[in-house]
Amino acid sequence: MKLRIHHFFDIIRDFGSGKDFFPHPYLHSYHKIANIILKDPFQRVEIVIGTDSVCEGCIKLKEHACTDIITHRKDFTGKEEFNIYLDARIMEVCGIEADTVTNTVSLIKVSGKYIDNIHYIYSGNDKSHTEMRKLSVIKGVDNYIRKHGIITSRFLF
Ligand code: SF4
């Protein structure tokens, strides 16, 4: 599957917060991709900038770009532009380049870098919201490790 890296961490956050994955009114494939990722730690993942497998079927996807808007920031209105900005920050801190082919467990293993730098990644967002995201991602990673029996020397926090 192709994946924007922020979608990966959104899925892990939602897993940590106990959210159920159901079809969304936008008709995108987030729930399907989430269930694959949660089930298979060796799922092949190609990190992309731009439209990914989550976007498949989305009513906001027009000519291979997201036409949705965001309302929680003053410096961005277009979701596509904001997603590109966000993905660049996450890939920077995690040391991952666009078009890298990896798998789910490898992304879990770099999640400590995402967590350690989360306030940099989301600077400009509400800080308490980012702190809640952080706690949910930590829980999601912990749940994932336990679910799949992943052994790490330092797990990253
Ligand atoms: S097209 Fe935009 S709103 Fe739809 S899933 Fe992709 S990023 Fe989200």
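A residue counts as buried if 20 or more other C-beta atoms lie within 10 Å of its own. Keep that cut-off in mind for helix α3. The model is predicted.

Start with α3, residues 79–94. Its buried residues are Phe82, Asn83, Asp87, Ile90 and Cys94. They sit on the same side of α3, because they cover an arc of only 130 degrees around the axis. What do the buried residues of α3 pack against? Their partners are α1 (5–16), β4 (65–66), α5 (111–116) and α6 (118–121).

After α3 comes glycine 95. The phi of glycine 95 is positive, near 70 degrees.

Now turn to the sheet. It is open and has three strands, in the order β1-β2-β5, with mixed pairing. β1 (2–3) and β5 (101–103) stand at the edges. Each has a single partner strand, so one side of each is left without a neighbour in the sheet. Strands of a sheet pair through backbone hydrogen bonds, either parallel or antiparallel. β1 pairs with β2 (residues 44–47) in the parallel sense, over two bridges. Leucine 3 stands opposite isoleucine 47 in β2.

Which residues are around it? They are Tyr26, His28, Val54, Cys55, Cys58, Lys60, Leu61, Cys66, Asp68, Lys79 and Asn83. This shell divides into six nonpolar, two polar and three charged residues.

Technical notes:
Residues are numbered from 1 along each chain as its sequence is written. This is a predicted model: local features need pLDDT of at least 70, side-chain atom pairs count only at pLDDT 80 or more; totals for chains, interfaces and linings use all residues. A residue is near a molecule or strand if its C-beta atom, placed from the backbone, lies within 6 Å of it. Ala, Val, Leu, Ile, Met, Phe, Trp, Tyr, Cys and Pro count as nonpolar, Asp, Glu, Lys and Arg as charged, and the others, Gly among them, as polar. Two strands pair if DSSP finds at least two bridges between them. Helices (H or I, at least four residues) and strands (E, at least two) are DSSP runs, numbered from the N terminus. The expected span of a helix is 1.5 Å times one less than its number of residues. A residue is buried if 20 or more other C-beta atoms lie within 10 Å of its own, exposed if 12 or fewer, and partly exposed in between; C-beta atoms are placed from the backbone. The arc is that of the directions from the helix axis to the C-beta atoms. Two residues are in contact if their C-beta atoms, placed from the backbone, lie within 7 Å.
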